[in-house]
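The following briefing concerns the structure shown below.

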Amino acid sequence: MDYTLILFIILAAVAVASAAGLLVSRNTVYAALFLVLNFATVAVFYLLLGAPFIALAQVTIYAGAIMVLFLFVIMLLGADKLPKAKGLPWQRPLAIVLAAVLLVEAGFLLFQRLQLTANLASPEASINTTEALQSLAKTLFSQYLLPFEVTSVLLLVAMIGVIVLTKKEKGEQEA
Amino acid sequence: MTQIIPLSWYLAVSMLLFSMGALGVLIRRNPLIIFMSIELMLNAANLAFVAFARSFGVPTGQIFVFFVMTVSAAEVAVGLALIIIIFRNKHSIDVDLMNSLKG
């Protein structure tokens, strides 16, 4: 038994358990921390898959920037303990049935094409991380240069949009 | 390092995470947790992208993950700003109260 197999099984269990924790936790702060754990395990999956750049970007962008933003808003709004709302009585069972249908559908497609994916899943025995990184950078800055530049415009637009949205109007009184 | 884990296992994990994210969007009423579930689904899709990139041996999948991360960062910034404005106007963020457009 190889150590990667043991690692994979542990990581998969932690990832699924932390996603379940996100779904059931009452306190929003706990939900955010479960999501951080999930992002960290997915980052280790990326390392297993030979994608160290994506793994580190995952840790810095998702687990770092995005989750800090989430925690900041949770604490700003004091939304960590919302009163329990009375909702539609049939919403929860219907949601569980629909999610189960989605899972079964995806699983059916996966196992139907198992032969196809099994053929694909035999990459070279070892991967040269430096070469992989170099080819990633070459592709990103040659073939995908225009989309890369467009993402910077997207981030700028998002930044301006957020500033405009949260700015108080001149006549508006202090809330 | 030998690659003994088949691609389908990664796809199965990705599938499970995506379904749990969809379930979270459907059952929770706190918009922050709905938002986090959306992030979970994006992450599951990213995992499938990287797994396919590894098995085809091309870097394109990783580049798409990079773009997905950028877009989700922008999306989170704008979405959280909207949640703050809604809280300012309604003093609550329960999604059941967002029915001003209901006829």
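**A core residue and its setting**

Not counting residues up to four places away in sequence, A:Tyr46 touches A:Ala51, A:Ile54, A:Ala55, A:Gln58 and B:Val50; residues are in contact if their C-beta atoms, placed from the backbone, lie within 7 Å. The model is predicted, and local features need pLDDT of at least 70, side-chain atom pairs count only at pLDDT 80 or more, and totals for chains, interfaces and linings use all residues. Residues are numbered from 1 along each chain as its sequence is written, while chains are lettered from A and ligands numbered from 1 in the order in which they are written.

**Nonpolar core**

- A:Tyr46, B:Met36 and B:Val50 have the most contacts inside the largest nonpolar core, which has 54 residues.
- A nonpolar core is a set of buried Ala, Val, Leu, Ile, Met, Phe, Trp, Tyr and Cys residues joined through C-beta atoms within 7 Å.
- A residue is buried if 20 or more other C-beta atoms lie within 10 Å of its own, exposed if 12 or fewer, and partly exposed in between, with C-beta atoms placed from the backbone.
- At least two residues of this core are supplied by each of α1 (3-24), α2 (28-48) and α3 (52-77) of chain A and α1, α2 and α3 of chain B.
- The largest share of this core, 12 residues, comes from α2(B).

**Chain A overall**

- Chain A has seven helices and zero strands; helices (H or I, at least four residues) and strands (E, at least two) are DSSP runs, numbered from the N terminus.
- Of its 175 residues, 19% count as buried.
- Among contacts in chain A with a separation of 6 or more, 53% are between residues 24 or more positions apart.

**Helix pair α1(A) and α2(A)**

- The axes of α1(A) and α2(A) are 8 Å apart, and the helices pack at an angle of about 155 degrees.
- α1(A) is therefore roughly antiparallel to α2(A); angles under 35 degrees count as roughly parallel, over 145 as roughly antiparallel, 65 to 115 as roughly perpendicular and the rest as oblique.
- Axes are lines fitted to C-alpha atoms, for helices over the stretch in contact, and angles run from 0 to 180 degrees between N-to-C directions.
- The crossing of α1(A) and α2(A) is left-handed; a crossing is left-handed if the near helix is turned anticlockwise from the far one by less than a right angle, and right-handed if clockwise.
- The residues making this contact include A:Leu11, A:Val14 and A:Ala15 of α1(A) and A:Asn38, A:Thr41 and A:Val42 of α2(A).
- By class, the contact of α1(A) with α2(A) has 15 nonpolar, five polar and no charged residues; Ala, Val, Leu, Ile, Met, Phe, Trp, Tyr, Cys and Pro count as nonpolar, Asp, Glu, Lys and Arg as charged, and the others, Gly among them, as polar.

**Two residues of chain A**

- A:Val42 lies in helix α2 of chain A and is buried, with 27 other C-beta atoms within 10 Å.
- Leaving aside neighbours within four places in sequence, A:Val42 is in contact with A:Ala15, A:Gln58, B:Asn43 and B:Leu47.
- The C-alpha atoms of A:Val42 and A:Val59 are separated by 9.3 Å, and the two residues are 17 residues apart along the chain.
- A:Gln143 is found in the loop between α6 (129-142) and α7 (145-166) of chain A and is partly exposed, with 13 other C-beta atoms within 10 Å.

**Contact between the chains**

- The contact takes 70 residues from chain A and 63 residues from chain B.
- On the side of chain B that touches chain A, α1 (7-27), α2 (31-56) and α3 (60-90) of chain B each supply at least two residues.
- The largest share of that side, 22 residues, comes from α3(B).
- The side of chain B that touches chain A has 45 nonpolar, 12 polar and six charged residues.
- The axes of α6(A) and α3(B) come within 9 Å and cross at roughly 60 degrees, and their crossing is right-handed.
- A:Leu136, A:Thr139 and A:Leu140 of α6(A) make this contact with B:Thr60, B:Gln62 and B:Ile63 of α3(B).

How values were computed
Contact = placed C-beta atoms within 7 Å.
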